[in-house]
Amino acid sequence: HHIEDEGTSCNAASYEWGTSDAHSPIIVNDHLFYIRRNLHEFFQVLRLSDFEDTPIFVDAIYVNQEDTLEHNSQLRRM
């Protein structure tokens, strides 16, 4: 997906809905964070591509999935 909002734009990756647990560790802003295997694999492919430095909004990381209001608000923007 491509998002344009208030003069900024970025690409977006929405996580896969389902029951799989987040077991793949990454570091986000110096904090350990766990993501699902499919997103981890996406990042590995991205890292080896020409798009390595492309900003990507990932709702599974940037949106508090426990906060229904925030989740729904961000989902409408995507």
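The model you have open is predicted.

I27 sits in strand 3, which covers residues 24–28. Its relative accessible area is 60%, and because the cut-off for exposed is over 50%, I27 counts as exposed.

The phi of N29 is near 50°, a positive value in a residue that is not glycine. N29 is exposed, at 67% relative accessible area. Then select D30, found in the loop between strand 3 and strand 4. D30 has a positive phi too, about 65°, and is not a glycine either. With a relative accessible area of 74%, D30 is exposed.

Select A13, I26, V28, I35, L39, L46, I56, V58, A60 and I61, the 10 residues of the largest nonpolar core. Strand 3, helix 1 (37–47), strand 5 (56–58) and helix 2 (59–62) each give two or more residues to this core.

Finish on I61, one of the core residues. Which residues is I61 in contact with, leaving aside its neighbours within four places in sequence? Show I26, V28, F33, I35, L39 and F43 to see these contacts of I61.

Terms used
Residues are numbered from 1 along each chain as its sequence is written. This is a predicted model: local features need pLDDT of at least 70, side-chain atom pairs count only at pLDDT 80 or more; totals for chains, interfaces and linings use all residues. Side-chain values use heavy atoms; hydrogens and water are left out. Helices (H or I, at least four residues) and strands (E, at least two) are DSSP runs, numbered from the N terminus. Buried means under 20% relative accessible area, exposed over 50%, partly exposed in between (1.4 Å probe, protein chains only). A nonpolar core is a set of buried Ala, Val, Leu, Ile, Met, Phe, Trp, Tyr and Cys residues joined through side-chain atoms within 4.5 Å. Contact means heavy atoms within 4.5 Å.
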